[in-house]
Amino acid sequence: MDLADPQSMGFDPARLARLDRFIAERYLEPGLLPHAQLLVARDGIPVHFSTQGAARAGSDAPLGEDAIFRIASMSKPITSVAFMMLMEEGKVALDLPVADVIPELAELGVYEGGGGGSAFRTRPPDRPMLMLDLLRHTSGLTYDFQYRSNVDAAYRARKLQTLRPTRNLDDFVAALGEVPLEFSPGEAWNYSVSTDVLGLVVERVSGMKFEAFLESRIFAPLGMTDTGFHVPAAKRERLPDAWALHPEKGRILYDSGAESDWAEPPLLVGGGGGLVSTTADYHNFCRMLLGGGATGGVRILGRKTLDLMT
C-alpha cells in the first residue's frame, strides 16, 4: 500500500508507531487476538499501515498485507448503499411498505405471548414495516443470538440463522414471515436481520441477483477486487483463521482459514454479515462515503442521497 509522508498530513510518525506497540502489548502478546491489521488515513490518504501476528494456528506464516477478512456486520453499510442507489433511481422509496416487494412478510403480527411450545398470540402492528425500518433496525425483527425474548428463541428453534445458514435468502425471509415481530415497526430499535431482508429487496427491485448487483454496481467501480461472499480457490491462502473469545475457554477457533465456510459460495447471500474483504478494499468503500458518494472519479451515490442516508 502506498503511504503518504505522515508529517505532511499532520501526524507524528513516532506516535503512530505507538499504536502498533499498544496492539501488540495489549492484545497480541496476552493472546486476546491472534493477529491485527491497522490502517490510518486522513482525507482518504493512507499514512500508516501495519500487519502483525500469524495468519493461522500452528503456523508461523505472518498475516499478509493483502489478507482477506470476514467483515461480518461491516457488510451492512454496503447493502444499505445498494438500496440507496435504487432509491436514487426512483425504483424504491423509504416509505414503501416492505410487503410491497416481499409479500411473504405481509401478515406479520406483533408478539403478545405464547411460543414456548404453543401458538403465538399476536396483535396487528400499528403501521406497516417500511423500507426505512429495515435501514435503521426499527423493523421489529431480531437475531437468533440475542437470547432475550421468546421471539429470538423462536428464531433459534426454526434455525433462522445467518451464520452457517440452513436456507437460501428467499426461503429465509419467507420463514421470517412465520414468527411474530418483537414490536410494531418504528416503535423501538433492535439489532436484527433487517439488512439481510434489505438484500432481498435489492435483488427483487433491481431484477439482479444480490451478489451480482454488488459486484457490478459497487465493487467493480470502486476497485474492490477482493470483496465478495466467498473466497475463490486462487485467493484462499490469503484467508486467515477467524477466532472467537469465549468467557471461560479464552480464544477458540471459529472458522479455519484452511477449511473455511467461506471457501464456497454461500447458501444464504447475507447482506447483513456475509461479505469478505481486505483492508484496502474496505478503505476504498469508506473513501467513497467520506467523498460524498464519490472517489477516484467514480460516483456511486449523489451527495444529497448520502446526506439523507447518514
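Reply:
**Charged pairs and the core**

Arg156 is partly exposed, with a relative accessible area of 26%. Buried means under 20% relative accessible area, exposed over 50%, and partly exposed in between, using a 1.4 Å probe and protein chains only. The model is predicted, so local features need pLDDT of at least 70 and side-chain atom pairs count only at pLDDT 80 or more, while totals for chains, interfaces and linings use all residues. Residues are numbered from 1 along each chain as its sequence is written, and side-chain values use heavy atoms, with hydrogens and water left out.

Arg156 forms a salt bridge with Asp152, at 2.8 Å from N to O. The term covers a side-chain nitrogen of Lys or Arg within 4 Å of a carboxyl oxygen of Asp or Glu; by this rule the count comes to 19. Both residues lie in helix α4, 4 residues apart, about one turn of the helix. Helices here are DSSP runs of H or I with at least four residues, and strands are runs of E with at least two, numbered from the N terminus. Asp152 counts as buried, because its relative accessibility is 0%.

A second pair joins Arg204 and Asp170, also at 2.8 Å from N to O. It links distant parts of the chain, with Arg204 in helix α6 and Asp170 in helix α5, 34 residues apart. Arg204 is partly exposed at 29%, and Asp170 is partly exposed at 29%.

Glu182 counts as buried at 16%, whereas Arg148 counts as partly exposed at 47%.

Now the core. A nonpolar core is a set of buried Ala, Val, Leu, Ile, Met, Phe, Trp, Tyr and Cys residues joined through side-chain atoms within 4.5 Å. The largest one has 55 residues, and Phe83 is among those with the most contacts inside it. Helices α4, α5 and α6 are among those that each supply at least two of its residues, but the largest share, 8 residues, comes from α2. Leaving aside residues up to four places away in sequence, Phe83 touches Val92, Ala93, Leu94, Met131, Leu135, Leu198, Val201 and Val202, a contact being heavy atoms within 4.5 Å.
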